Amino acid sequence: MVMERKLNGTVIVTYRCNARCTMCNRYKAPSKSEEELTLETIRKLPPMYFTNITGGEPFIRTDLKDIVRELYKKSDRIVISTNGFFTERIVELAKEFPQVGIRISIEGLEDTNNAIRGLENGYQRGYQTLKTLREMGMKDVGFGMTVQDKNAPDLVPLYRISDEMGMEFATASLHNSFYFVEAKNIIHDRPMVAKHFEDLVNELLRSRSPKKWFRAYFNHGLINYIYGQKRLLPCDMSFDTFFIDPYGDVMPCNGTKEKEVMGNLNTQSWDELWNSKEAEQVRAKVRCCDRDCWMIGSVSPAMHKYIWKPAWWVFTHKLRSIFGGRYSMYENKIVRDYRDGRVSKEELDACSTCDMNCVIDNGLSEQSKTQLVDRSGEEIVDADIAAQERI
Ligand code: SF4
Ligand code: SF4
């Protein structure tokens, strides 16, 4: 009997979002609810060892529980990424699925978070939701933070809050792609942002948790990323990892400039699309992709696959930290080169994916684009939520 290889999947259940984040314009480009992934399509997904449910804001879907129930039939572990606004919906779902992971994006301390996310009381709501989940006894809950110039000083203070609450703390930095409907994201003051990552790396290395030591490596990789350097580990997206969008299109990842499609699960079987010519063409593109993203979705599988590299880094740095040494961002040659004037800010900017003249294709279907002709994305989603609340 041939054992089927389990995959790592991300399910984008909707492109609708109620937040107004400064680093992501997805809220301006929502999917039409009638076109979003059905349970029938979700049943066709392959066995997975890990599934991330994301959006947009996944809790905008009132049938999210049904989706999670269906996904648990084929996935060993599920984590939902959310902006944490729909507290009641999150708590209700957690009651039925206490084993589910919940990551709430909090972009800094109260004022910073609210300024970046553009949600009224966003911080209080997110924090309160996390606290409630913790009090309910949920184990797999945590913060997610996208680090940028505006919130970098809050990085370590926020980590400490999450640590005191016994929660996971996931970090990211700015990326540009069709998925974020954004091409102008860029870190301006790299040494300042890197310094805060350096402090976080040292906090993580000081802990007693091996998981946190590997997180330290991930954050070390974020310093490398914001300086526009080659990824520390190969990117194998689309080989044993996939994303599926609200229209059933299966993609390698969410980091590409334009949407790359391997096939469509509404109209094809999984085996048919996964083994198709189109899927092979996308894999060939991934092999020479130069976007060098460093997001947990593509790095976590790589850290498992090429474990010797992060493991060696962890071993040497933990050892040094035990004997009182500190991790320094200047271990990265590019950081030294910039400090010493061997490379200019303009040269580093040119290494990033930021493109001020880019015309972004947001990956919406023609039908979803049509609804934007006479209404904005914000109006459409606000009306959706108001209608849900009237029921
Ligand atoms: S980052 Fe997330 S919460 Fe913010 S606008 Fe984009 S999809 Fe919405
Ligand atoms: S580096 Fe990997 S995750 Fe980023 S766009 Fe390329 S293939 Fe996707």
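Trainee: Quick one to start: is Ser238 buried or exposed?

Mentor: Ser238 is buried, with 24 other C-beta atoms within 10 Å; a residue counts as buried with 20 or more such neighbours, exposed with 12 or fewer, and partly exposed in between, the C-beta atoms being placed from the backbone. Keep in mind that this is a predicted model, in which local features need pLDDT of at least 70 and side-chain atom pairs count only at pLDDT 80 or more, while totals for chains, interfaces and linings use all residues. Residues are numbered from 1 along each chain as its sequence is written, and chains are lettered from A and ligands numbered from 1 in the order in which they are written.

Trainee: Where does Ser238 sit, and what is its phi?

Mentor: Ser238 is found in the loop between helix 8 and strand 7 (241-244), where helices (H or I, at least four residues) and strands (E, at least two) are DSSP runs numbered from the N terminus. Its phi is positive, about 80 degrees, although Ser238 is not a glycine. Most residues other than glycine have a negative phi.

Trainee: Switching topic, how covered is helix 8?

Mentor: Helix 8 is mostly covered, as 13 of its 17 residues are buried. Just after the helix, Gly228 takes a positive phi of about 70 degrees.

Trainee: And how do helices 7 and 8 lie against each other?

Mentor: The axes of helix 7 (residues 190-206) and helix 8 (residues 210-226) come within 8 Å and cross at roughly 170 degrees, the axes being lines fitted to C-alpha atoms over the stretch in contact, with angles from 0 to 180 degrees between N-to-C directions. That makes helix 7 roughly antiparallel to helix 8, since angles over 145 degrees get that label, under 35 roughly parallel, 65 to 115 roughly perpendicular and the rest oblique.

Trainee: Which residues meet there?

Mentor: Among them are Phe197 and Leu204 in helix 7, and Trp213 and Ile223 in helix 8; contact means C-beta atoms, placed from the backbone, within 7 Å.

Technical notes:
Two residues are in contact if their C-beta atoms, placed from the backbone, lie within 7 Å.
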